Amino acid sequence: MNTLRQRLGALPRETRDTLFLLVVIGWIGLMQVAHIPWWCTVLTAGVLAWRAVLSLRGRPLPHWGWRIGLLALTVAATWFSHRTLIGRDAGVTLIVVLLALKTLELRARRDAFVVFFLGFFTLLTHFFFSQSLLTAAGILIALLGLLTALVNAHMPVGRPPLPRAAGIALRMAVFGAPIMVVAFMLFPRLAPLWGMPGADNQARTGLSDQMRVGQIAELVLDERIAMRIRFEGPVPAQRDLYFRGPVLGDFDGVEWKPARSGFPAPMELPANLSVEGAPVTYEVTLEPSQRPWLPLLEAAVNAPSLPGNRAFMTPELLWVTRQPVTELVRFKAEAYTRFRHGPQQQVLALEDLSALPASYNPRTLALAQSLRREHGSGPGSTRALVDAVLDRLRTGGYTYTLDPGVYGQHTADEFWFDRKEGFCEHIASSFVILMRAMDIPARVVTGYQGGELNAVDGYWTVRQRDAHAWAEVWLAGQGWVRVDPTGAVAPSRTGSLERLQPPQGVFANALRTFDPTLAQRLRDAWDAVNNGWNQWVLNYTQGRQLDLLKHLGFESPSWTDLVYVLIGVVVGVSLAGAAWTLWERQQHDPWLRALERVRDRLRKVGIQAGAHATPRELARVASAQFGDNEFTDRLREALLRLEALRYAPQSPDTLAAVQNLLQQLPWPAPRPPA
């Protein structure tokens, strides 16, 4: 470590400053690795490494032809990767590479300033993909790095240590924090520019408006948080924690999609929702999903109040918003766990939900006929048929697994007779197909089931891994009835909220061996910290801003009032700062303050001089004690210039230059000669 420090200390200042800036740019690019193409990462790293080698070896920068060629390559590769040069993903790809390429023409301070501010702009693009606390911490590190480089660039004389520039940058950030807080609280909230990343080709748990059965060989549990729930009263039983999402009624043999009725609007299936008992009141903090769905606890009667958005209920009891959910949103909702919905008697529109495509799953159709012969037909036998199928799932050797393999054309046949394993999509789809084969109207419902209680903050955390698929069967006199066939195969999935776990790594296994509950406690603590960040920072909406103005005395505040208050605060603070600066200059002579700082530094290295010693006298004492060397020569030059300023018209710029020269002396002073 000491050798490395010595080698870095021996580098020329230009080389040292360039390497530091390259490290900061590398950190900015590293934070985008998960969101840019692989070639962008490789090209950015290669350009930064090339620039570092050129700086270390003192070689000239590459010819402009190299930069033009790399720029053309970047544009072509971006087009090939994204099929466009416009938009979030293509724009981020370009800006990351352009930031690295700009370092290849880093010759003067002007070029450095362009790199600094391009770096600040690139920092903002990280929020396009994530606004988490971890992302904010990484951006803060990069921000302090860029500020350090910017401060260092404004100290052109000598070789100021980077820790000193970092200290000044940190103080600037601290002094600017109150302004940032005021701007955060009062600046009008605008629609976000960012959204969630697009899905990749690796299957993960989560909600979708379609379900392609049998094409996924292995399911990856997604630990990302979908929403957080805080119940205001008793928590419903675990078997009732069903958060309803898209309802799928059309099946083409491979894929389930939302039903599209061929009947006129007056003949379509009505919601006919009726509820019983007392409602469950809870608060939802919903993560951005780029979808218009609100996965509410079944069943909700009243629309939740969303800031800047409206929600309405479809006949399938799915709550849909006018605009997709593109930012963190918090709202209150009510649910009735005892409810009925759908038509009570047979209607023509139910035929759409008992139809099956031809030439699919012949063995399942034969099984349906066998069950019909055994338990009878007609509306009165529907409950017996449902129970018979659930009993088959419980006793027939069926298993719930994350890796069932790829199914063929007849997915239900393979599940019921060959593989007998799958995750909730296979089980729910096969169950509904068998119901329809017996002329029983049925459909697939997707959403979330369960969750886990965070013991630290008391919130229920619902993750993407809790995404679930179940069935609804129509019964005469009852309407649509929830049937969860996965619960028959694996009761722990819906009863005790246990989940299948992916294979654990070495570190996780070692941690579990050391303390079986430590990993869970650590995750709960981290989730609680993130939840606080979400509640107090990300969820600080315009509605909460207007509530703040109400507390300040505004009767009916609007966003224009926010602007007026913000302008008033900025003007007031600026005037107060200007008045304080003027008062300080009148009370304290800046020339005397500069001289006193020099005296303090000299006392710390053992030079004692009288309280009224002139700059020339301080220079003489220092030369007598330390001898003639570079330090005393530079000190004498700065002190004599300071003395000359006392008898000449003082200019703030000139005095600042002398103060900067004094600060850049190689403190501490060398040891006096023996």
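**A working chat on a predicted model**

Mentor: In this predicted model, Trp27, Leu30, Val33 and Ile141 make a nonpolar surface patch of about 360 Å².

Trainee: Where is Trp27 found?

Mentor: Trp27 belongs to helix H2, which covers residues 13–30.

Trainee: And is Trp27 buried, partly exposed or exposed?

Mentor: Trp27 counts as partly exposed, because its relative accessibility is 32% and that class lies between 20% and 50%.

Trainee: Turning to helix H8, what end-to-end distance should its residues span?

Mentor: Helix H8 has 25 residues, 162–186, so at 1.5 Å a residue the span should be 36 Å. The C-alpha atoms at its ends are 35 Å apart, which agrees.

Trainee: Where in H8 does a kink lie?

Mentor: The kink is at Ala177, shortly before the proline Pro178, and amounts to about 40 degrees.

Trainee: Which residues of H8 are buried?

Mentor: Leu162, Ala165, Ala169 and Leu186 are the buried residues of that helix.

Trainee: A change of topic: what is the strand order in the open sheet of five strands?

Mentor: The order is E12-E7-E2-E18-E17, and the pairing is antiparallel.

Trainee: Which strands stand at the edges?

Mentor: Strand E12 (329–335) and strand E17 (452–453) do; each has a single partner strand, so one side of each is left without a neighbour in the sheet.

Trainee: How many bridges join E17 to E18?

Mentor: Two bridges join E17 to strand E18, residues 460–463, and these strands run antiparallel. Glu452 stands opposite Thr461 in E18.

Trainee: Now the backbone. Which residues does a cis peptide bond join?

Mentor: Glu298 and Ala299 are joined by a cis peptide bond, with omega about -5 degrees. Ala299 lies in the loop between strand E9 (296–297) and strand E10 (311–313).

Trainee: What is phi of Ser359 near?

Mentor: Phi of Ser359 is near 70 degrees, a positive value in a residue other than glycine. Most residues other than glycine have a negative phi.

Trainee: Where does Ser359 lie, and is it buried or exposed?

Mentor: Ser359 is in the loop between strand E13 (338–340) and helix H9 (362–375). Ser359 is exposed because its relative accessible area is 62%, and the exposed class begins over 50%.

Trainee: And what about phi of Lys420?

Mentor: Phi of Lys420 is also positive, near 55 degrees, in a residue other than glycine. Lys420 sits in the loop between helix H11 (411–419) and strand E15 (421–422). With a relative accessible area of 29%, Lys420 is partly exposed.

Conventions. Residues are numbered from 1 along each chain as its sequence is written. This is a predicted model: local features need pLDDT of at least 70, side-chain atom pairs count only at pLDDT 80 or more; totals for chains, interfaces and linings use all residues. Side-chain values use heavy atoms; hydrogens and water are left out. Helices (H or I, at least four residues) and strands (E, at least two) are DSSP runs, numbered from the N terminus. Buried means under 20% relative accessible area, exposed over 50%, partly exposed in between (1.4 Å probe, protein chains only). Two strands pair if DSSP finds at least two bridges between them. The expected span of a helix is 1.5 Å times one less than its number of residues. The bend at a residue is the angle between axes fitted to the seven residues ending there and the seven starting there. Patches are made of residues with over 30% relative accessible area and no salt bridge: like charges are joined within 9 Å, nonpolar side chains (Val, Leu, Ile, Met, Phe, Trp, Tyr) within 5 Å. Accessible areas come from the Shrake-Rupley method with a 1.4 Å probe; for residues, only the protein chains shown count as cover. A salt bridge is a side-chain nitrogen of Lys or Arg within 4 Å of a carboxyl oxygen of Asp or Glu.
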